[in-house]
Amino acid sequence: MVIIMKKFSQMAIPYIVWSVLMLVLPMALIAFYSITQQGNSIISFSITLEHYIKFFTDADFLIILWRSLWIAFKTTIICLLIGYPVAYYISHCKERMQNILVFCITMPMWINMLVRTYAWIGLLSKDGLMQKLLSLLGLGNAELLYTEGAVLLGMVYNFLPFMILQINTTLCKMDDSLLEASADLGADPVQTFYRVTLPLSIPGVINGITLVFLPAVSSFFIPKLLGGGKYFLIGNVIENQFITVGEWNFGSAISMIIAVIMMVLMMCVHKAEVRNNGGKGET
Amino acid sequence: MKEKKLIEFRNIVKSFDGQIVLKGVNLDIYENEFVTLLGPSGCGKTTLLRILGGFIDADEGKIIFKGEEVNHIPPYRRELNTVFQKYALFPHLNVYENIAFGLKINKLSKDVIDQKVMKMLKLIGLEGFEGKNITLLSGGQQQRVAIARALVNEPKVLLLDEPLAALDLKLRKEMQYELKRIQQEVGITFIFVTHDQEEALTMSDKIVVMKNGEIQQVGTPQEIYNEPANRYVANFIGESNIIPGVMLKDYKVWFDDIAFECVDFGFKEKEPVDVVIRPEDIDIVSRENGKMTGEVLSVLFKGVHYEVMVETIPGTQVTVNMQVVKSHDVISADGKEKISATNFYVDLEDVKKLDDKEVVARSNAQAWNPETDDYISISKIEFDVKEEEGQYPVLFSTSGGTSIERTIFVVNQPFVSNEKANEAVMAFNFQTTVEEIKESLALDTDIKTWANAQAWKLSDESQSVDISAYYDFEPQSVTEGTYRITFSTTGRVFKIHTTDYIKEGQEVGLTFFPEDIHVMSKMVF
């Protein structure tokens, strides 16, 4: 037994090496960059907090940060409002139909996100399909592309499947006898939903929120393509620092700030979940 | 207690995917009854309960509750509550919240809910557990919470779907008493589904025995046990000796070649029937005092009593010779092929049934490569057998040209018939080799095949009877020679429960009272 265990633990070595090289090391480097001065080499460096100070003392950066969090929040809420009913509907279909629907939802993900976002440029552009439809409906020639609305649309479109799939999974795993028990105890379908289905699906909702909110905050190509440079988010700032300005240290510092904010937010969500469950184990 | 009808099932039919689960069930359930639906899995008992609960709809028929049809009333408006098989407690709520669920739905005031929940916790013996996490409770505790959650709503009827199935034996027994106590205390109708006959006998006022979607018998535990309606019920409830017999006239039944006094009447004259005698109703006495006599085959200690098997009619026997010969396989000139087969006997009547396949099987013919042990197919079988007694050659060859000649003995084999036991046995002499015996994985079965041993009912030749092979050689040290093999059927064996020890092999008499004989109609399948 011991020998077998040893063999198994040896098998883990490549994974450990891989995760150190690909996850831990880059993270450590970013943290290192964020507290050192521009132009340092690995051999001689001086530690500084100037990048953090620069970020927090510049109102422009703070506005962009706020805007990023706000649009990610709106994206998450919209995904939740659309995603939950869709997931609920899917989980109540027959198994065959469920598979078909889940397949339909995952299918767009086979195509590169960038390509799909480019497609929206075509749809939203002047004389594009959307504008034509709107003018047919007599809603005038409103500017669609390069607005906050376009960015929000792009984000919801890209991240909605994550929300649906997460919630659908928890709903499908739920024991039908709990719903029968609820009906048996006198709860009509609406009461059963609020008292049994919804509370029990919270873990899936939290997972969905995490999977939508995190990439939405830091996404940079959706605002770049659909916001057309007029709508700048924190992801774009970081990208700029690295690629255009060349200030890797400042870019690293912003990345660290985002990472910390995310961690704090996720901890709050997790705490809320635990409280909601009254400290009971998830099933 | 003369009761009022509470629930009526009227001709309930239900099928799932074309498979009929309930075939027109009619059943009345009264107030304050503890009713058990008893049957093996798949008999439709849970389906019937779920139809009453409103979780599935019947295809046909009416469910009447307090005089009103409730077929189309959704489960949340029915005045009954269910204890589910796996409890179905809400994992996101604690003990108190689970029990209070139904009361909160009914918008009772906080202090009324408090009062009722506490009363329930007391009834189920879980005071002080109200804040406990459901998932941390033991199976028995979860069970009690599930019962409390249903009972707190003061339903007219409590439905219990195999609620004790998930508990261990000791806890199950405790909960049986507990459930009965709770039922008597709250005084409502319990409808309990189980496949456990002992559970049913212990708790019920009324048992409904079901099989294949039909009700077999409805009655009190005593009625079901003492007067089973048919062979199926007798077998399912308790242990029993079931013997085919004939009703000679009222109060007179004939079985095992003896006419007995009994208390049953109302059958047709000479009607074939099944007779049940419970193992505890038979007394073992001396040979001369017995209504029947027999030999004690086995005695098993069962704790409270001994289970004694007494053979009153010996099995039917036939003895044949087994000739064990040296293997004389034929090896091809190049040594690449080996072929073997044995002589065999065949009955005159079966000659016309002999084809290539049958000949290969009966002679145990096979060919193989001795180096690799791979089988080689026997491609040619030549034989010419006439429908007269005699010896006929048979030649087996492979496509490689290796061949072996053996003999088929056509004989007119008499069979042994036993009128008293209504059976006949037949077997043939046969030849085999030392290797075959040593290499056999299931020797008894092989011997039966080699000897073509068979037994059947005299009254119905298509009904075969089990036989066993008896021999007195050691398979692993067998040598060439001739051995006697006896094939025998089981005969009539009675199972008897007694507190007195009897020696195995002893000749004894069996006796019982006329009222211990229960005559049932033959089941129509």
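1. Strand E22 of chain B, residues 366-368, pairs with E23(B) in the antiparallel sense over two bridges. Within this pairing, Ala367(B) stands opposite Ile376(B) of E23(B). A note on terms: strands pair if DSSP finds at least two bridges between them, and helices (H or I, at least four residues) and strands (E, at least two) are DSSP runs numbered from the N terminus.

2. Please keep in mind that this is a predicted model, where local features need pLDDT of at least 70, side-chain atom pairs count only at pLDDT 80 or more, and totals for chains, interfaces and linings use all residues. Residues are numbered from 1 along each chain as its sequence is written, while chains are lettered from A and ligands numbered from 1 in the order in which they are written.

3. E22(B) and E23(B) belong to an open sheet of four strands in chain B, ordered E19-E20-E22-E23 with antiparallel pairing. Its edge strands, E19 (330-331) and E23 (375-376), each pair on one side only.

4. Chain B is divided into domain 1 (5-233), domain 2 (239-314 + 510-521) and domain 3 (317-489), with bounds from an automatic or database domain assignment. The centres of domains 1 and 2 of chain B, taken over C-alpha atoms, are separated by 38 Å.

5. Now for the chain interface: 20 residues of chain A are in contact with 20 residues of chain B (C-beta atoms, placed from the backbone, within 7 Å). On the side of chain A, helix H9 (176-184) and helix H10 (189-218) are the elements giving two or more residues; H9(A) has the largest share, six residues.

Conventions:
Two residues are in contact if their C-beta atoms, placed from the backbone, lie within 7 Å.
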